[in-house]
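Dear colleague,

I am passing on the structure we spoke about, with some notes on one helix and on the sheet. Please look at it alongside the text below.

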Amino acid sequence: MLNPNFDPFPILTTERLILRRFTFADAPRLFELRKDPVIMQYIGRPLAKTLDDAIDLIKVINDLLSGNNGITWCITLKNEQEFIGSIGFWRIEKENYRAEIGYLLNPAYQGMGIMQEAVETIINYGFGPMNLHSIQANVSPGNAASIKLLQKNNFTQEAYFKENCFYNGAFRDTIVYTLLTKN
Ligand SMILES: CC(C)(COP(=O)(O)OP(=O)(O)OC[C@H]1O[C@@H](n2cnc3c(N)ncnc32)[C@H](O)[C@@H]1OP(=O)(O)O)[C@@H](O)C(=O)NCCC(=O)NCCS
């Protein structure tokens, strides 16, 4: 059985980024993204309606973290403290050494290779210190940016579920991408 330990919190650095722990001070910027229907169109979660919804999300992130049941990093640019996005293994199947990856980036910073840096860094963490065997990503077929990102990181398509997800009044398809550890 996988036995992840996120204490102390693993702060990760890349060429341009610091991936750190969320604090409640990140709530207003997180709220700006989570309330935006365009940014959230492929996330499949309810839109945040108030700042409290973002605060509640950070509470969930912290609860998952303290139980070693999930880990989400706040993405910041080096030399700046502010949230620009999030990335993490928000669902962990400990018995299968498997986790589901998720990510979200402020559009002002998209298309600059930022998430590529973050994804490759947490893949290394997942298959390294965290000891995962596989990483799953559930993606909407219309999410070209996310699909490109996954393919670039050697994820392969394993399943295509038709209309398995009811979101925003419609049944939607899901593609499951997976990456296995090389070990
Ligand atoms: C998916 C997302 C995180 C990508 O972040 P990003 O920092 O813009 O991605 P990158 O700049 O690292 O790009 C990675 C690759 O995807 C490509 N890409 C980026 N946006 C794209 C788009 N809209 N269409 C097609 N390809 C795209 C890039 O060109 C790059 O490939 P390349 O290096 O071969 O050129 C970002 O679009 C996002 O936050 N979307 C909203 C939230 C979301 O949908 N999350 C995923 C849910 S599964």
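A residue is called buried here when its relative accessible area is under 20%, and exposed when that area is over 50%. Please keep in mind that this is a predicted model.

With those cut-offs, helix H4, which runs over residues 144-152, has Ser146, Ile147, Leu149 and Leu150 as buried residues. These four lie on the same side of H4, because they cover an arc of only 160° around the axis. An α-helix has 3.6 residues a turn, so residues three or four places apart point the same way. On the other side of H4 we find Ala144, Ala145, Lys148 and Lys152, which are exposed. The cover over the buried residues of H4 includes helix H3 (114-127) together with the strands S5 (98-105), S6 (134-139) and S8 (170-180). Just after H4, Asn154 takes a positive phi of about 70°.

Turning to the sheet, eight strands form an open sheet with mixed pairing, in the order S1-S2-S3-S4-S5-S6-S8-S7. Strand S1 (12-13) and strand S7 (156-167) stand at the edges with a single partner strand each, so one side of each is left without a neighbour in the sheet. Within the sheet, S5 and S6 pair in the parallel sense over three bridges, and Ala99 stands opposite Ile135 in S6. Helix H3 packs on the sheet, where it touches S1, S2 (17-20), S3 (71-77), S4 (85-93), S5, S6 and S8, and the direction of H3 makes about 30° with that of S4.

Conventions
Residues are numbered from 1 along each chain as its sequence is written. This is a predicted model: local features need pLDDT of at least 70, side-chain atom pairs count only at pLDDT 80 or more; totals for chains, interfaces and linings use all residues. Side-chain values use heavy atoms; hydrogens and water are left out. Buried means under 20% relative accessible area, exposed over 50%, partly exposed in between (1.4 Å probe, protein chains only). Helices (H or I, at least four residues) and strands (E, at least two) are DSSP runs, numbered from the N terminus. The arc is that of the directions from the helix axis to the C-beta atoms. Contact means heavy atoms within 4.5 Å. Two strands pair if DSSP finds at least two bridges between them. Axes are lines fitted to C-alpha atoms, for helices over the stretch in contact, and angles run from 0 to 180 degrees between N-to-C directions.
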